Amino acid sequence: MSDYSIGTRCVQAGYTPKNGEPRQVPIIQSTTFRYDSSEAMGRLFDLKESGYFYTRLQNPTNDFVAAKIAALEGGCAAMLTSSGQAATFLSLFNICECGAHIVASSSIYGGSFNLIAVTMKKMGIRASFVSPDCTEEELNAAFCEDTCAVFGETVANPALTVLDIEKFAKAAHAHGVPLIVDNTFPTPINCRPIEWGADIVIHSTTKYMDGHGVAVGGAIVDSGNFDWLAHADKFPGLCTPDESYHGTCYAESFGKEGAFITKCTAQLMRDFGCIPSPQNAFYLNLGLESLHVRMPRHVENAQAAAEFLDAQDKVLKVNYPGLPGNRYHGLAEKYLRGGGCGVVSFELSGGREAAERFMGKLKLIAIETHVADARSCCLHPASSTHRQLNDSQLAAAGVAPGLIRVSLGLEDREDLLADLKHALEAV
Ligand SMILES: *Cc1c(COP(=O)(O)O)cnc(C)c1O
């Protein structure tokens, strides 16, 4: 399937039925699998053979869909998780143990920030946050002897900053550690971070990959490019025997292309159990089959909304990398060839009161804590996600009281623009 172009992979990669088998990805809704002998099953437990024995570790439906996502990102192996948060955590914890340090972009999803800065800190894993706009010197200065991973987000939710993937990959590799990139917003249709040097790519599939707002999920993709054994002292979990798996050394037994995902499945999925249901993997696959058709429409609608808003007197500022005046426009032209994503944020000059009025007048665009869905939706952070903050605390968090985030769906552009126009008139 890797010979085919991206749209064909969206439709068909990951599952090829044999003679007489179901044409659609089958939902293997079974927690367990039957074997002829204990010895046959034992070989699976020894990781000597691959196969299924318990859905907490692996399930065929999930694996078909993970294989499709690996094909889309140009990776060699992938796994699904029950949420994007689980994907972020497992991808980092697979290589960072107590005492490790992470260098992360400060412009990342709030849930990822909290996970890294607060929860993983309690596990003895420290982090240094750097601005995505930092210089190479500032970036290099954030590393220390214990640094085991670099983390960033291609297009950050909700700040809409664009990561200079090559700059971050170069610094990571100079320090002998991998770059992990959250590619949720552009999806592999608009950016494939592995082509720019990222080693591991993760997703909240809850967003555009599902695209219909039906299933929370995540994915982890390994490029197979990072040489763990060349930096064995930093990655004991991959490069020394795992006593919980009969002394298997993942990097030696499974090589560059198999070590990361095999360890993450056999060890972390076994212990944390954050596996999606096969039914949810099936829904995700339905979304993936039209991802290449939907993404350009999300981008077209967002570009039109950004241009419309940018021309309005009542709008102070519009954040969208597709606008020529945007500070990330150059990076967007380099990394986001199909355009960025369908999310735009903007600030009304009338502040909090104007934003509340505007939101109340929308008819088609619904008020929701969600993005990247077929239906357009919007959020006023100051009166929802950031409600507990006063105006000066909001300013410190980089959220203006009049800031509105809108996720442009797949509706017709003229109806969306008319809704924005009508609501602006009421301000
Ligand atoms: C939503 C989101 C997450 C978290 O994913 P869940 O599926 O909600 O757990 C992580 N990263 C980004 C960029 C997101 O937008």
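A crossing of two helices is called right-handed if the near helix is turned clockwise from the far one by less than a right angle. With that in hand, here are some close-ups of this predicted model.

**View 1. Helices α12 and α16 pack against each other at an angle of about 30 degrees.** Helix α12 covers residues 291–310, and its partner α16 covers residues 413–425. The two axes lie 10 Å apart. Since angles under 35 degrees count as roughly parallel, α12 is therefore roughly parallel to α16. The crossing of α12 past α16 is right-handed.

**View 2. The ligand sits among 14 residues.** Of these, N157, D182, S204, T206 and K207 come nearest. Sorted by kind, the shell holds three nonpolar, eight polar and three charged residues.

View 3. With S204 the side chain takes part: one of its N or O atoms lies 2.9 Å from an oxygen atom of the ligand. On its own the ligand has 380 Å² of accessible area, and the protein covers 92% of it.

**View 4. A cis peptide bond links N157 to P158.** Look for an omega of about 5 degrees at this bond. P158 belongs to the loop that runs between β4 (147–153) and α7 (165–174).

**View 5. H246 has a positive phi.** Its value is about 55 degrees, although H246 is not a glycine. You will find H246 in the loop between α9 (236–239) and α10 (250–272).

Note on methods
Residues numbered from 1 in each chain as written. Predicted model: local features only at pLDDT ≥ 70, side-chain atom pairs only at ≥ 80, totals over all residues. Heavy atoms only, no water. Near = heavy atom within 4 Å. Polar contact = N/O pair within 3.5 Å; in protein donor to acceptor, adjacent residues only side chain to side chain. Areas by Shrake-Rupley, 256 points an atom, 1.4 Å probe, with all protein chains shown as cover. Nonpolar A, V, L, I, M, F, W, Y, C, P; charged D, E, K, R; others polar. Axes fitted to C-alpha atoms, helices over the stretch in contact; angles between N-to-C directions. Helix = DSSP H or I, 4+ residues; strand = E, 2+ residues; numbered from the N terminus. Parallel < 35°, antiparallel > 145°, perpendicular 65-115°, else oblique.
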